[in-house]
Structures are given as structure tokens and as C-alpha cells.
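Work through the following exercises with the sequence and the model open beside you, and try each task before reading its solution.

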Amino acid sequence: MILPTKAMTTQELTGKRKLSENTLQVQASSPVALGVRIPTVALHMMELFDTTVEQLYSIFTVKDKIHHKKTGAEHYATVALNFVPTLGQTELQLDCKGVPVCKEENMKFCWQKQHFEEIKGLLQLTP
């Protein structure tokens, strides 16, 4: 807080007060974000599966109902899965946005080990 000195005139104080009030009005009218801004990155991964698009999609929808994970305390990432049919296989293209920078490698490892490899194991068990 800056207190006025004797050198400041009433007009200067009024001008500063109005500027301050306008600034507060602008801030009050815009949405207020709570918490701390977290630096994030986007991941792009591709994986081939020896199955049809329909079968791979069905595995992901069942698996999705079982695993709901946050990337951190009250922070969620957005994941888009694109299933591309190829000759006798399906290419899965994963785009994940909003991953905290500090969790990038962990998130890649998690998708590779806990999702892709598990699904490939499930596909080997199904006739």
C-alpha cells in the first residue's frame, strides 16, 4: 500500500483511484482462475495392434470404465483416440493434451505399459 505524500494533489489521487477502480472492474468481470497455472505439453503416440478396429475399440471402452486416472491433484488431461484400419491390423493414434510437463515421461510409460501392452496381452488370449 502506498500512502499519499504531501506533494500529491487531490487531482492526482482521484486519477489514481479511478484507474485502480477500473482495473478492479475489469478483473472482477473476467473469469477468475483458481489454483496455480501448470505448464503442460501434448503427447502424440502411435501403436499397431493385430486386431480389427471394432475389437480394439471394444477393449478400450471396457478398459476405460475400469481405469479413471487424474494426472495430478484436480488436474485432468484430454485424450483423443483415433482408430485407423490397416491391412490386418489397427493403428491407434493417441493425442493427449494438458499433461503436466513434470508428468510427461510418466504418462508415456503408463500408456505404453498399462494400456498398450496389457491390451496386446488380452488380444493374444482371445481367439
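**Exercise 1.** Is Lys-108 buried, partly exposed or exposed, judged by its relative accessibility?

Solution. This is a predicted model, in which local features need pLDDT of at least 70 and side-chain atom pairs count only at pLDDT 80 or more, while totals for chains, interfaces and linings use all residues. Residues are numbered from 1 along each chain as its sequence is written, and side-chain values use heavy atoms, with hydrogens and water left out. Buried means under 20% relative accessible area, exposed over 50%, and partly exposed in between (1.4 Å probe, protein chains only). Lys-108 has 32% relative accessibility and therefore counts as partly exposed.

**Exercise 2.** Which residue forms a salt bridge with Glu-47, and what does the pair tie together?

Solution. The partner is Lys-120, with the closest N and O atoms 2.5 Å apart. Because Glu-47 lies in strand β1 (residues 40–49) and Lys-120 in helix α3 (residues 104–125), the pair ties together parts 73 residues apart in sequence; helices (H or I, at least four residues) and strands (E, at least two) are DSSP runs, numbered from the N terminus. Glu-47 is buried at 15% relative accessible area, whereas Lys-120 is partly exposed at 31%.

Methods. Salt bridge = Lys/Arg side-chain N within 4 Å of Asp/Glu carboxyl O.
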